[in-house]
Amino acid sequence: MNEKVAVVTGGGSGIGRAVALAMHANGYRVVIAGRRAQQLHQTIALADASRGDILGVPTDVSAPDSVRDLFAKIEAAFGRVDVLFNNAGTGAPAIPMEELSYEKWSQVVGTNLTGAFLCAQQAIGMMKRQQPRGGRIINNGSISAHVPRPHSAPYTATKHALTGLTKSISLDGRAWDIACGQIDIGNAASEMTARMAEGVLQANGTTAPEPRIDVQHVAEAVLYMANLPLDVNVQFLTVMATKMPFIGRG
């Protein structure tokens, strides 16, 4: 058992749940954060019941006080953090940009971008002062960090911004043995992508179903990134359904 501590935001469902369970099965002590306590309890119930080293903390990552409380509980319970997977995210309705409300835009920015910043900020503080120092931050980018879908301005903008945050953390954390990388995921099978099996709007104006991949493949990719020694970093990794319409012209 490696006894390292991993923090997974958005750990109550989908990618976050799969990653949290994979890391726990690999010997990590795991803290899962998310808005819905019931979902966190369901994730914990799926973990190895013989071990008591998985903790759920209801958290709103867009709220500074909530994030500070999360990391205070992590420090009290485990004394350190070795891996942060910034996974919590949300989207907006797929509608023309001029119809999108300021409130919905702000919600997406608050969760996807500000949330990742606030969690990284707290994790970096712990990683600098803990002994041995250092750790790893993995940001969940999405292939929307490269190209947009139609009617996806808030989600796409935050994922592009997350790439800049990843690079800044990599640079600023370098002297403190803090590594930072980003995983860009295309169509992992989760609640968020369920509609893609029925058909989603394409760049050419048509609607078409898209293939999805088992979320376990994403969990294994994150685990690979997390398990590397701190002198090795996967800066960017893309994992996606082979036949999804991402490469090419729409």
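Visitor: Leaving aside neighbours within four places in sequence, which residues is Gln202 in contact with?
Guide: This is a predicted model, to start with. Gln202 is in contact with Pro150, Ala208, Glu210 and Pro245.

Visitor: Where is Gln202 found?
Guide: In the loop between β7 (200-201) and β8 (207-208).

Visitor: Is Gln202 buried or exposed?
Guide: Buried. Its relative accessible area is 13%, and the cut-off for buried is under 20%.

Visitor: What does the side chain of Gln202 reach?
Guide: The backbone oxygen of Val200, at 3.1 Å.

Visitor: Back to Glu210. Which residue does Glu210 form a salt bridge with?
Guide: Arg149. The closest N and O atoms are 2.7 Å apart. Glu210 sits in the loop between β8 and α6 (215-227), and Arg149 in the loop between β5 and α5, so the bridge ties together parts 61 residues apart in sequence.

Visitor: Buried or exposed, that Glu210?
Guide: Glu210 is buried, at 6% relative accessibility. Arg149 is partly exposed, at 24%.

Visitor: How many salt bridges in the whole structure?
Guide: Eight. One of them joins Arg80 and Asp82 at 2.9 Å, N to O. Both Arg80 and Asp82 are buried.

Visitor: New topic: helix α5. How many residues, and what does it reach from first C-alpha to last?
Guide: Residues 153-173 make 21, and α5 reaches 30 Å. That is close to the 30 Å expected at 1.5 Å a residue.

Visitor: What covers the buried residues of α5?
Guide: The cover includes α4 (102-129), β5 (135-140), β6 (178-186) and β9 (236-240). Among the buried residues are Leu162, Leu165 and Ile169.

Technical notes:
Residues are numbered from 1 along each chain as its sequence is written. This is a predicted model: local features need pLDDT of at least 70, side-chain atom pairs count only at pLDDT 80 or more; totals for chains, interfaces and linings use all residues. Side-chain values use heavy atoms; hydrogens and water are left out. Helices (H or I, at least four residues) and strands (E, at least two) are DSSP runs, numbered from the N terminus. Buried means under 20% relative accessible area, exposed over 50%, partly exposed in between (1.4 Å probe, protein chains only). A polar contact is a pair of N or O atoms within 3.5 Å; within protein, one must be able to donate a hydrogen and the other to accept it, and residues adjacent in sequence count only if both atoms are side-chain atoms. Contact means heavy atoms within 4.5 Å. The expected span of a helix is 1.5 Å times one less than its number of residues. A salt bridge is a side-chain nitrogen of Lys or Arg within 4 Å of a carboxyl oxygen of Asp or Glu.
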